[in-house]
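Trainee: I have the sequence and the model open. Where do we start?

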Amino acid sequence: MNYCRINLKPKKEESLLRFHPWVFSGAIQSIEGEPEEGELVEVYGQGNRFLGVGHYQIGSIAVRILSFQPRTIDAAFWEERIRVAFELRKALGLAGVPDNDTFRLIHGEGDGLPGLVVDVYAHTAVMQAHAVGMHVARQQIADALKVVMSDELKNIYYKSEATLPFKANLDNEDGYLYGGEAEDIATENGLKFYVDWLKGQKTGFFVDQRENRSLLEKYSKNRSVLNMFCYTGGFSFYAMRGGANVVHSVDSSAKAIALTNRNVELNFPGDARHEAFAEDAFKYLERMGSNYDLIILDPPAFAKHKNVLRNALQGYRKLNAIAFEKIKPGGIIFTFSCSQVVSKENFRLAVFSAAAQSGRNVRILHQMTQPADHPVNIYHPEGEYLKGLVLYVE
Ligand code: SAH
């Protein structure tokens, strides 16, 4: 190891001693050497105490720790971490099974790799760096992915243009690091879908709703379903398989609607139960009637930062209030928030006040979260972001 060294101010080492993987810039007393963005550094506390080795970056989070033990971050390191993650996905029954080839392989801090996300779609891994260090190490990571997954992996697409902070002049074009002749159909719980990692949102699909979609399937029989914020239509094809009478998918993005229609065709060709609308959520909710008895509300993150929290909570309240007002008696609402800064309690409060406003009797049937391939590192509770409620409305 021959890394630059960062010394922390007195008392600033506590979070690292509790294995929280971030060092904030305000905690740094001195930097020995001149590390570049994304370079590996060692972090020390008082009395020359080694605290960890990680990626350096200019910004509020100055170091993301990769190891709390002194070690060289080399090919063996990446292979080891990725292998642990892959074995976990196999143990969860998500990888190497016939009816599912879609899963999150690496969930950042939750898999001991802060700033890295890897989603797998059939034989393609889509890799996203949220930290400069992961960008710098991308080829090494891709090589390790290939070693660990061997023949199961044919393509690695790197997609970080939108996720990296840009102060450093990084040469960060999106593109294939491996392969490139990618088929674009993946399978989730036996349902097929096209994934557009080139132009789609995030890595191309929202892998995190898999279990919540499965739960929805069980409630869909003979219901009229509204899938609001449908994106690629995930919830819609589960509702159809579950025996829904009618399924309407709505998203403001015309591209998302086109993809939803293709996905429905892929699974239920010519099925007239489904119809999709490219329209703003609030406009649609205002003009729709009261015919739905199963409504999904899965909006984009209303709050990306703490200072817009109040507006976000208003947004959730307003959105849910219309659903409570219009859903048929005996109806069921699946409502979500994927904003990390909105706590479970705050989200609940927003939904409760929407329910109260409608004056209807509402019961919680299920409380949902992210699935096990999006694990939360117990020392990094910030990794928990998805929350949802299944509500029964009289
Ligand atoms: N439920 C989806 C994921 C939703 S992501 C799934 O299971 O995959 C959020 C979606 O909301 C995006 O597709 C985005 O295009 C859409 N969206 C954002 N603002 C919107 C608005 N005002 N009205 C309708 N859709 C909107």
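Mentor: Start with one residue pair. Val126 has Tyr157 in strand 10 as its bridge partner. Strands here are DSSP runs of E, at least two residues long, and helices are runs of H or I of at least four, both numbered from the N terminus. This is a predicted model, so local features need pLDDT of at least 70 and side-chain atom pairs 80 or more, while totals for chains, interfaces and linings use all residues. Residues count from 1 along each chain as its sequence is written, and side-chain values use heavy atoms, without hydrogens and water.

Trainee: Which way do strand 9 and strand 10 run, parallel or antiparallel?

Mentor: In general, strands of a sheet pair through backbone hydrogen bonds, in either sense. Here strand 9 (residues 124-129) and strand 10 (residues 155-158) run parallel, joined by 4 bridges. Pairing requires at least two bridges found by DSSP.

Trainee: What strand order does the open sheet of 5 strands have?

Mentor: The order is 7-8-9-10-11, and the pairing is mixed. Strand 7 (102-107) and strand 11 (175-178) are the edges; each has a single partner strand, so one side of each lacks a neighbour in the sheet. Twist averages 25 degrees from one strand to the next, using axes fitted to C-alpha atoms and angles from 0 to 180 degrees between N-to-C directions.

Trainee: And what is the order in the open sheet of 6 strands?

Mentor: Read it as 2-6-5-4-1-3, again with mixed pairing. Neighbouring strands are turned by 35 degrees on average, direction ignored. Inside this order, strand 1 (residues 4-8) pairs with strand 4 (residues 40-45) in the parallel sense, over 4 bridges. Arg5 faces Glu42 in strand 4.

Trainee: Which residue takes a positive phi in the hairpin of strand 12 and strand 13?

Mentor: Asn189, with phi near 45 degrees; the hairpin has 2 residues between the strands. Strand 12 (residues 185-188) and strand 13 (residues 191-194) run antiparallel, with 4 bridges. Ile185 stands opposite Tyr194.

Trainee: How many aromatic pairs are there?

Mentor: The count is 15. Rings of Phe, Tyr and Trp (its six-membered ring) pair if their centres lie within 6.5 Å; planes under 30 degrees apart are stacked, over 60 edge-to-face, the rest tilted. Phe19 and Phe68 have ring centres 5.2 Å apart and planes at 80 degrees, so they are edge-to-face. This pair links distant parts of the chain, 49 residues apart.
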